[in-house]
Amino acid sequence: MNDLPKQKETTLSFEKIKKDILHPMQNHKGLELWIVFLITVISVCGWAYYIQLKEGLGVTGMRDYVSWGLYIANFVFFVAVSLVGMLISSILGLLRIDWITPISRIAEIIAVAFVAVAGLVIVLDMGRPDRVLNVMIHGRFQSPILWDVTVITTYLTVSALLLILPMIPDLAICKKELTKASPIMKKLYNILSLGYINTPEQHKHLHKMIRTLMVLIVPIGLAIHTVTSWLFAATLRNGWDTTIFGPYFVAGAFVAGSAALIIAMYFFRVNYRLQDYITDLQFDKMGKLLVAVCLVYLYFNLNEFLVPGYKMKTGDDVHLKELFYGNWAIMFWASQLLGNIIPIILLVNKKFRKPLPIMIISLFVLAGAWFKRYVIVIPTMLHPHLPIQNVPENFVHYYPSAIEISVTVLSFALVLLIITVLSKIFPVVPIVETAESKGIEVKIDA
Amino acid sequence: MKNTIKNIAALFLIFVFSGSIANAQGWTVPNSAKKKQNPYEATSKNISSGKKIYNLHCKSCHGDPTMANMIPLAPVAPTDLGSQNFLVQSDGEIYYKVNKGQGAMPTFEKTISDEDKWMVITFLRSFDKNKKMKQQVAEVKNPEVTDVKFELNVNEADKTMLAKLSGVTKKGKRVGLQGIEMSFLVKRSFGYLDVSGEDPYTNESGDVQIQFPKDLPGDREGQVNMLVKVTDDAFYGKLEEKRVVTLGVPTDPVNPLDERAMWGTRANAPIWIIVTFVGGVLAIWSVIFLVLFQMIKLPKLAKNKD
C-alpha cells in the first residue's frame, strides 16, 4: 500500500468525527428534494400497479410461455445485491479487516433496503397479493418457494439487527448531539440506543451479540441466494438444469453487491462530504475485491456456458444458440463483456480504482448484473421442453409492458427511498467504531 | 413472334412440371410396388378390424377418414386418408407409403404386420366412392329387422360373457343377427381396454361369447365397469350397454399421493425434508431470539455501573 498517495493529514478528534458525520444528516438541502422526487416516482408508478391490481396480470407482457418475466429477474437482482451486507460486514468483519469500518454500515443499509424490496417484488408479481399468506399457511416443505420466503424473512431480520446493533453506541451519541431532531426521532434514538453509555460490560456484551449475528448471517446469506437459485435449478429446464447454480448465483451476487456498494460509497462521500472517512483506500480495496469476485464469477460463467456449449445436447442447443448468436446475443455478450470481463481488465489497473472511475465502472457492472438476471430468467422460459402448440403469436415472445416497467421502476425508487431515509436518520459512517479504530478515546455521556 | 411463342411454351412447360411436382409432394412410388394387390377381401369383418388398427396407429395424426380433422403439422400436414384425392392411388401405392414413411410420417414396416396393413387399406378403401361395389361382395346377409337389441349374460364363475344380438323381422319373429362384430370394453384409468378377443363376431344364432381376462385388476370388490356395444354403428345404429361386473381381481388401489414423497401434499412430505426445514428454522430463529433477549440486558448493564 506504499504506492498509494498519502492521505491528507487531518487531526481527527472525537468531536470532529461526530461533527463531520452528524452534520450532513440535518443540514442537507438537496436531500428533501430527492425524497420528494422519489415519492413522486413511487406515486406515479404506484398508479401503474393499481391498474395491474385492478385488471390482473394480463396487463403485463407475461403469457403462458413466459410466466416469470421482468419481475422475477428484478427479484433475483435485488436478492443478489442484498448479499453485500453479508460479504462486507460479516465475512470481512469476522476476518478483522479494518478498512471496512467506515463502509460496513452502508453495506448493511443496502442489504436491508434491497432484501426488503425483493420480498415486496414477489408480492408485486402476484395476481392475487391478498393470498400471499397462503404460502405460509399451505406451503409445502418440499417446495423451494416456501424455503425462499422463509430465508428472505430471516435474512431481512438478521440484516436489520446487524444494522441496528453496531449502531447502538452511535445512536446514544445521536440522542445527545442531534438537538434539532424532531421529538419522534429523539424518541426513536432513545429507544434504540437501549441506555448505552459505553461501560466496559455493555461494550463486551454488545460485541458478543454482534459477533453471534455475524456468524449466523453467513449460512443465512449463502442460503438466501442458493435457495433463490434453486427456484430455477429445481425445475427441469434448459439453462436452469445445472448443479452449479447455487454457487454461481452466490458469486454473481457478490459482484452485483460490491458494485452497488461502490456506487453508494461514492455518492455518500460526495454528498455527505465524507472524504476523510470513505477515503481512496476504501475505493482501492473495494476495487480489488470487485476484481476478485468478478474473477470467481467469470470462472463460474465459463463452467456454466462452456461445458454445455461444448456438448450442445438436444434442448440445450436451442437455448445456447439463442444466447450466443441468436436474439439474446447482444444482451448476453454485453452483460458478460461490459459487466464482467472489461471491468476486470480495467480494475487491475490502479488508475481505475480511484473513486470516480471505479464508480462509473461499477455502474456498468451493476447494469450488467441486472441484464444477466434477465438473460437467466426469460430465454429459458421461452424454450420449454414440451412446446405449447397453436398459441397466439405474442405467447412465444416476451416484451415487458409499460405497466411492468413502471412497477419495476417503483421497486427501484422504493429501494433508493429506503436507503435515503435510513441514511438521513442514521449516521452512515460508524462514529464510535471509526474513533476506536483510530485510537481516539470515546466518551458517551449518560 | 417466334420468341414469344417459345417463351409461352417454356412457361407452360415449367408450369406443368412444377405443378406435377407439387401434386406428388415429391413422394414417388416405384412402379413394381404400385402393382401390388390387396390379398384380403373387403368383408365387413376385415373392414372393422382395419378400423381398429387405423384408430390405434393412424388416427392420432390423420384424424378420422373423410372428416379432415388431422393435426395441423407444418410444413406438410397429414392427408385425410378418406379423401378421394388420396384414394385414387392403388392399394400397392398406399401399402408402399405405409411401409416406408416420409418426413413426419413414420415407417410401419416392422411396427405392424402385413395383414394389419392390408386391413387398414381395406378399411380406407371402404371410403372410396369408385369401389363401393366391390365392398359388398362377401357380406353376410341378415334379414331386414327392427327393434335390434342384445342381451348380456355374465358368468362370474368361469369369467365369460355372452351377448345375444337379435332383431324382429317383418313377420314379427325375433331372430339372431349373424356376423356382426361386438366390442367388450373395460373402463380403465385412461380409456377403455378391449377384451373382445380374437373373434368377437356373432354366430348364426346371434351369439358371441368372450373370455374375460383372469388377471385383470378390479376395485376392492373386484368390480369393473364394462361397456358392451355393437362395434360399428353403421348397421343398426348405436347399441351399447354399460354394466358393472364382478369379474376383476379384487385389488386395493394404491394412490401415489398417499406415500411420503417429494410430490406429495404437505402432510406427506418426506420426514428428512420436514426435519431439515423445521430444524433449520428453529435453530436460526432461536439464536435470533436469544440475541433479542440479550438486547434487553443492555440497559441493565448501564445501571450496574451506578
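## Contact between the chains

Two residues are in contact if their C-beta atoms, placed from the backbone, lie within 7 Å. In this predicted model, 21 residues of chain B are in contact with 24 residues of chain A. The side of chain B that touches chain A divides into 15 nonpolar, three polar and three charged residues, where Ala, Val, Leu, Ile, Met, Phe, Trp, Tyr, Cys and Pro count as nonpolar, Asp, Glu, Lys and Arg as charged, and the others, Gly among them, as polar.

Local features need pLDDT of at least 70 and side-chain atom pairs count only at pLDDT 80 or more, whereas totals for chains, interfaces and linings use all residues. Residues are numbered from 1 along each chain as its sequence is written, with chains lettered from A and ligands numbered from 1 in the order in which they are written.

## Two helices of chain A

Helix 7 (residues 144-164) and helix 10 (residues 200-233) of chain A have axes that come within 9 Å and cross at roughly 150 degrees; axes are lines fitted to C-alpha atoms, for helices over the stretch in contact, and angles run from 0 to 180 degrees between N-to-C directions. Helix 7 and helix 10 of chain A are therefore roughly antiparallel to each other, a term for angles over 145 degrees.

The residues that meet include A:Trp147, A:Val151 and A:Tyr155 in helix 7 of chain A, and A:Leu213, A:Ile220 and A:Trp230 in helix 10 of chain A. The residues of this contact of helix 7 with helix 10 divide into 18 nonpolar, three polar and one charged.

## Strands and burial in chain B

Chain B has ten helices and eight strands, which are DSSP runs numbered from the N terminus (helices H or I, at least four residues; strands E, at least two). Of the 306 residues of chain B, 20% count as buried; a residue is buried if 20 or more other C-beta atoms lie within 10 Å of its own, exposed if 12 or fewer, and partly exposed in between.

Strand 2 of chain B pairs with strand 6 of chain B in the antiparallel sense over five bridges, pairing being assigned if DSSP finds at least two bridges, and B:Met161 stands opposite B:Ile210 of strand 6.

## A loop residue with positive phi

B:Lys159 is found in the loop between strand 1 (145-155) and strand 2 (160-169) of chain B. Phi of B:Lys159 is near 55 degrees, a positive value in a residue other than glycine, and B:Lys159 counts as partly exposed, with 17 C-beta neighbours inside 10 Å.

Definitions and conventions:
Parallel < 35°, antiparallel > 145°, perpendicular 65-115°, else oblique.
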